[in-house]
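Student: I have not looked at this model before. Could we go through it step by step?

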Amino acid sequence: MDHKEFRVKAKELVDYIADYLENVRDHRVYPGVQPGYLHARLPTEAPQAPESWDDIFRDVEDHIMPGIVHWQSPHMHAYFPALTSYPSIMGEMLSSALNVLCFTWASSPAGTELETIAMNWLGKLLGLPDCFLNEKNDSPGGGVIQTTASEATLVSLLAARTRALMELSSLNPEVQSSELLGHLICYCSDQAHSSVEKAGLIGLVRMRYIESDEHQCMRGAKLEEAILNDKDKGLVPFWVCATLGTTGSVAFDNLREIGEVCEKHSAWLHVDAAYAGSAFICPEYRHWLNGVDMADSFAFNPSKWLMVNFDCTAMWVKDSTALHRTFNVNPIYLRHENSGKAIDYMHWQIPLSRRFRALKLWFVLRNYGVVGLQKHIRESVRLAQKFEALVLADQRFDIPQPRNLGMVAFRLKGDNTLTERLLKRLNARGYIHAVPACFKGVYVIRFTVTSQRTTNQDILNDWSEIKTVASEILMDTFGSENGNIVMPKKPRISLKETRELNATFGTSLLLANSPMSPKIVNGTHVAICDYEQVLSSCAQTFAQLKMEPKDSPEMRRRIRGIRMCGKKFSLDSYMDMVQGLMVEQSLPQCSEEEREEASNGAKSEPIGAKH
């Protein structure tokens, strides 16, 4: 492909991408393929001769797309969001074209400095303390973009391990580091992500899992109890991982309590906020950050909820020298004359080379702005609240843990196998995709609002799919769509009881569609007009419309009763009073021109406008 063909085909690809994303909800979100499907379709060896781009892309449509899980779909509710956006895609395109390697300042001055600037922007946006920012040449802290939250967790653990071994070696100079390593122990919640366990395995250190409370949160008292027990056994606590937004239920460890324990026992505190960290751009969610000033490192994934495509994990540390001691290598071919004057990010990570990830982050922050990103987060939370309300309204379902942010964990009431069957059948049908979690033996389905394209109707459609499949399973199992749940009947409350409970209760007589079936409803809950000016205002309006008032002894008696009782009545009762006022008072009549003007004004005024 030369530059001329690239210009044409790249533009076609941009159109393809835009069409795909705008119509992604039309795709079956979970593919109906089996392992090995692609091996049966593609050759076993690479082609010897060049192939045309049209042939290559035809195979994308014919063979690749049928096996794609559509992560950008509004019907994708598994895991956590993994969003992209148009400014992020454009940042990725430009980064791929430049293809710079940002391991030192000398290898890419713009790439290095833009990363520092973007991470300072993002840290301020989250409300992180200044100690995590790098705005001065002598700032010990700062931010770095890692590939994943898993890597950020491992980086912090290895840095903490180096610090602990150095301290132990100074106290025990005759003991080998390998022997000292066996005394180290670290801690996390039993709800922490599996990557924390993996970090312990790679770091060759023991991991102690702290039992969470009834809300799936790790608390300071339980942590300190475990630390004291381990110290009595001769072990050295050196690292604790607190989770803000657990994978199973988006639970939040008590950061302040944990921070105080870590400070007391000189343990490194790492905060994993992979999913929930994005929400902290909204001030109303920052109460979960209480205690972050006591942390040594903090990480979250803009590649989840902030619409910066994978990979992009934002990590901040209070003291970058801990990273330098762990990862610093300095061969002659990597040295440059500005070493020490500028950040060399190769000393902040495990790999040497690194991509220009800051570009797409910078594009998204600028193109959406703070207001746009906050709106996106709040809308996702609102849609999750809507789904939560739908679940709670169906007595066959249960939400065993409180909803936090954009994820709802729900289940069918009864044995775990019912919920397991529900999830398996939902995924097999392919219209929505979700994954399970387990809370102390209780099996649940995680429903996460993931896509920025999700609408109210998408939520209603997905809930309809869930209800349909649930009814099928309950019918198969119990012979009833309600399963073994006894649906309580709504109690009948007499009009007399209602009046006794509510002194201001007023009634209106409504005619139903069926003959001879009048209905009495609570007029206080319909169109209540309890302000004095409404009568004169309505009378004036009726006069403008030239309504002919009707008078009768029955009407006069009704109006006298309404005015004497002192209760609130519905709008139709007040209209009867208007009729009476039109009889009692001589209201001014409008000319034809005035009536036409009033009519035009009424047409132009929106529904619900104040009169």
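**A first look at the chain**

Tutor: This is a predicted model. One place to start is S266, which lies in the loop between α9 (255-264) and β5 (268-272).

Student: Is S266 buried or exposed?

Tutor: A residue counts as exposed when its relative accessible area is over 50%. The relative accessible area of S266 is 55%, so S266 is exposed.

Student: What is the phi of S266?

Tutor: S266 is a residue other than glycine, yet its phi is positive. The value is near 55 degrees.

Student: Where is Q216 found, and is Q216 buried or exposed?

Tutor: Q216 sits in the loop between β3 (206-210) and α8 (220-232). Q216 is not a glycine, but has a positive phi of about 65 degrees. Buried means under 20% relative accessible area. The relative accessibility of Q216 is 1%, so Q216 is buried.

Student: What share of the accessible surface belongs to carbon and sulfur atoms?

Tutor: The chain has 611 residues, of which 46% count as buried. Its accessible surface comes to about 32,100 Å². The share belonging to carbon and sulfur atoms is 55%.

Note on methods
Residues are numbered from 1 along each chain as its sequence is written. This is a predicted model: local features need pLDDT of at least 70, side-chain atom pairs count only at pLDDT 80 or more; totals for chains, interfaces and linings use all residues. Side-chain values use heavy atoms; hydrogens and water are left out. Buried means under 20% relative accessible area, exposed over 50%, partly exposed in between (1.4 Å probe, protein chains only). Accessible areas come from the Shrake-Rupley method with a 1.4 Å probe; for residues, only the protein chains shown count as cover. Helices (H or I, at least four residues) and strands (E, at least two) are DSSP runs, numbered from the N terminus.
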